[in-house]
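This report describes selected features of one model. The sequence and structure are shown first.

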Amino acid sequence: MGKRYFQPEIETMPVEQIKELQNERLVKQVQHVWDNVPYYRKKMEEKGVTPADIKSTADLHKLPFLTKDDLRDAYPYGLLGKPKKDCVRIQSTSGTTGRRVVAFYTQHDIDLWEDCCARAIVAAGGSDEDVVQVAYGYGLFTGGPGLNGGSHKVGSLTVPMSSGNTDRQIQFMVDMESTILCCTPSYAAYLGEAIEEKGYRNQIKLKAGIFGAEAWTEEMRQEIQNKLGIKAYDIYGLTETSGPGVSFECEEQTGMHINEDHFLAEIINPETGEVLPEGEKGELVFTSLTKEAFPLLRYRTKDLCVLTRKPCSCGRTHIKMSKPLGRSDDMLIIRGVNVFPSQIETVLLNEGMTPNYQIIVDRVNNTDTFDINVEMSQEMFSDSLGKVAEKEKQLVASLKAMLGIQAKVHLVEPKSITRSEGKAVRIIDKRKLYG
Amino acid sequence: MTVKQISVFIENKVGGLATITDVLAQAGVNIRALSIADTSDFGILRLIVDDVFKAGNALRENGHIYSITDVLAVAGDDKPGSIARIVATLAKEGIGMDYAYAFFAKKENLAYMIVRVEEMDKAAKALRENGIHLAGEEEIARL
Ligand SMILES: [Zn+2]
């Protein structure tokens, strides 16, 4: 029988004690950054703040924000908090030059990161009895290394598959009797389809999945749970803050517990930067309390979500964040209307289609064009051109109702939408090239 | 008597058709007849092949979406008026066609018309009663 918590004394610590711990760690961390990261020290000086001004988390709002632009300006070593000789690893996002994020780790940083991932695995019901198949990409991407390390800490038998090669994934899943799958939700949905198609549904032993690194909706969770016969858990993180494991879902599946001993979360108004009270929707901002090599303070994630400290039935006391409800930079403004990719996903699932789509926005003769490629699915196809065209028309109408603007829908071959490290490329905004 | 037709989803773009015919060629499937119905951005490729099972497997393995439909394969002599006679027979019974396409079998000197109607049984009966030959799977496979 497995444990309920990976680190019970921390995960169920009384809230007052967590806050004490955060105060103590924040003061120390601000001093560490002031002493070792001239880039941020300069930002503090410009704002007229010194470490003496930060006595507890109540003073957090005095500190300047960090954004992706800062990461680009300071690239590659400008935000290092430790000498290079003390760092043992880098991880990076797949972004193109200028948008790529490179993060650094000491051995201590990796150790704490893996603890966070281990907490997520245990919360999903994992123990040393489990076989954990990690189908996130390995390498620079944080997904594979993070869950791999967490799985080792739990003592689970780890299957380091990396992403892709679906036939081999299924074969290992069947042969090794994998019980927990870790990958992106879009890859999980894709695996679910492939398993069903190949008739392996009765031969897999999966009980749970830990899916993150991209936004997914409740509808998609239902679809994955049904297809794979598992409980699907969300996990959150970004390369800037170490990778997956910043927060994770428990069996309640009503939000992700933030590992508050390591990360201090705030919600701000993305336009004004003002801190919003608990329960309000805004941009998520993280302060890393324990990272040595890449100690980001008040890093703006661009993810829009809500925080809540309502008691959770799992017994964990750490604050919960909602699934990101959109990204302040993923939000597209098309012909003056706000469009969130998650809205499109919801419509597709409501219409009984697979949520594999790609948005293409361009500007022709000063007018935005809005095209959505949707992968054809068995459910939507029939021998009658009229029936397929009818379903396409219905989809266009539902999208118009949801988004408020007209999109041109194109039905495309299954599995033809570009995937990068298992992540579907959802948005191609060609307007930026000329902006 | 009916034959099985494979209908495959294709994108309306250059090379869309070739992708499918390549998959079938690789699998050693012979295409007897082919027709495309399309809108401005997608199409349905309808195929009569010598081995439906093999074709279906090859398409699925390559990630294509398809369905199988029963159609009538109506044989007529390769001479003027034979297709007109088939069409007239169905019209007289008030049977509307969803779609139809034809192909020519050189060896047998026959023209085959592939017909899909709502009322398959009624159509088959009417054609037979008018002395029109309906081909089955085996006959098509032998061509
Ligand atoms: Zn909980």
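Across which strands of chain A does helix 11 lie? Helix 11 (residues 385-403) of chain A lies across strand 18 and strand 19, running at about 135° to strand 19 of chain A. The model is predicted: local features need pLDDT of at least 70, side-chain atom pairs count only at pLDDT 80 or more, and totals for chains, interfaces and linings use all residues. Residues are numbered from 1 along each chain as its sequence is written, chains are lettered from A and ligands numbered from 1 in the order written, and side-chain values use heavy atoms, without hydrogens and water.

The two helices that follow are defined, like the strands, as DSSP runs numbered from the N terminus (helices H or I, at least four residues; strands E, at least two). Contact means heavy atoms within 4.5 Å; axes are lines fitted to C-alpha atoms, for helices over the stretch in contact, with angles from 0 to 180 degrees between N-to-C directions.

| Helix (chain A) | Lies across (chain A) | Angle |
|---|---|---|
| Helix 10 (residues 341-350) | strands 17, 18 and 22 | about 130° to strand 17 |
| Helix 11 (residues 385-403) | strands 18 and 19 | about 135° to strand 19 |

In chain A, four strands form an open sheet of mixed pairing in the order 19-18-17-22, where pairing requires at least two DSSP bridges. Strand 17 (residues 357-364) and strand 18 (residues 367-375) of chain A pair in the antiparallel sense over eight bridges; Asp362(A) has Thr369(A) in strand 18 as its bridge partner.

Cys250(A) (SG), His257(A) (NE2), Cys312(A) (SG) and Cys314(A) (SG) coordinate the zinc ion at 2.1 to 2.2 Å. Donors are N, O and S atoms within 2.8 Å of the metal (3.2 Å for Na, K and Ca); water is not among the atoms, so sites may look incomplete. The arrangement is tetrahedral because the four donor atoms subtend angles of 102 to 113° around the zinc ion (tetrahedral: all angles between 85 and 135 degrees).

Methods
Four donors count as tetrahedral if all angles lie between 85 and 135 degrees; four count as square planar and six as octahedral if opposite donors are over 155 degrees apart and all others between 65 and 115; anything else is irregular.
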